[in-house]
Amino acid sequence: MVSFLFVTAPAADIKTINRALLHMREWDTGFDETFDPCKLKIDKAPYTENASEDDEPTSPPLKDLSDNAWSGASTEDVESYCFDYVQAGAPNDGHLFAILDAAAIESKTCILANLPYEYYDDPSTFRGKYNKVRVPWDEFYLMWCNLDIANMNFEEFTKEGEDGGDDQGWFTYNSVSNGSDISEEGAKKRDAMLERLRLQEYV
């Protein structure tokens, strides 16, 4: 499965977005192929029972974001939209998502948000917030993948651990990969792609 990616940075430079997508990509699949874990969400259409969840990932290079309805939106706006999506019956979309906001662009991080386990205990009474943390681009895939397949808990990637985040659901990231989860061979493939796209003026 792939997760929603929202670009809320109001003056997002398409070259920077492409660079972020390349760093967030899984380069070490063990095959010639790579894997992009996110699908860009640019509209605000609600989930309906007749909707089919498109698992086609967004792969760089992007060429235009002029029709992005989420430009300038707050994290709370995205969180509310995704929660409504889940409440409407979406089996996968909205449970785990990513945001590139203005701060993320500046710090080369990405917000990763995940519904806490308490939601699944009783969805009808849950009034909490998504768990949220800022993850470096190069470490995004490792955390995203482990949450997507329920191999590790959200708290295992945070300094707060089971003590919990603040009242808005924010945690502090704690690296489990010593700064990067990409192999030397994967880094070579990534850097070669970055250079190709730089020559084409996409990054």
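**Exercise 1.** Does R190 count as buried or exposed, going by its relative accessibility? Then find its salt-bridge partner and say which elements the pair connects.

*Solution.* The model is a predicted one.
Step 1. The relative accessibility of R190 is 10%. Buried means under 20% relative accessible area, so R190 counts as buried.
Step 2. R190 forms a salt bridge with D138, and the closest N and O atoms are 3.3 Å apart.
Step 3. D138 has a relative accessible area of 25%, so D138 is partly exposed.

**Exercise 2.** Describe how helix 1 and helix 6 pack, and list the residues that make the contact.

*Solution.* 
Step 1. Helix 1 covers residues 14-24 and helix 6 covers residues 184-199; their axes are 10 Å apart, at an angle of about 160°.
Step 2. Angles over 145 degrees count as roughly antiparallel, so helix 1 is roughly antiparallel to helix 6.
Step 3. The crossing of helix 1 past helix 6 is right-handed.
Step 4. Helix 1 contributes R19, L22 and H23 to the contact, while helix 6 contributes R190, M193, L194 and L197.
Step 5. Sorted by type, the residues of this contact are four nonpolar, one polar and two charged.

**Exercise 3.** Which parts of the chain does the salt bridge between R134 and D101 tie together?

*Solution.* 
Step 1. In this salt bridge, the closest N and O atoms of R134 and D101 are 2.7 Å apart.
Step 2. R134 lies in strand 5 (residues 131-136), and D101 lies in the loop between strand 3 (96-100) and helix 3 (102-107). The pair therefore ties together parts that are 33 residues apart in sequence.
Step 3. R134 is partly exposed, at 28% relative accessibility, whereas D101 is buried, with a relative accessible area of 10%.

**Exercise 4.** Where do E195 and R198 lie, and how many residues apart are they?

*Solution.* 
Step 1. Both E195 and R198 are in helix 6, three residues apart, which is about one turn of the helix.
Step 2. Their side chains meet in a salt bridge, with 2.6 Å from N to O.
Step 3. E195 is partly exposed at a relative accessible area of 35%, and R198 is partly exposed at 44%.
Step 4. The count for the model comes to eight salt bridges, among them the bridge between E195 and R198.

Methods: Residues numbered from 1 in each chain as written. Predicted model: local features only at pLDDT ≥ 70, side-chain atom pairs only at ≥ 80, totals over all residues. Heavy atoms only, no water. Axes fitted to C-alpha atoms, helices over the stretch in contact; angles between N-to-C directions. Helix = DSSP H or I, 4+ residues; strand = E, 2+ residues; numbered from the N terminus. Parallel < 35°, antiparallel > 145°, perpendicular 65-115°, else oblique. Left-handed = near helix turned anticlockwise from the far one by under 90°. Contact = heavy atoms within 4.5 Å. Nonpolar A, V, L, I, M, F, W, Y, C, P; charged D, E, K, R; others polar. Salt bridge = Lys/Arg side-chain N within 4 Å of Asp/Glu carboxyl O. Buried < 20%, exposed > 50% of the residue type's maximum accessible area, 1.4 Å probe, protein only.
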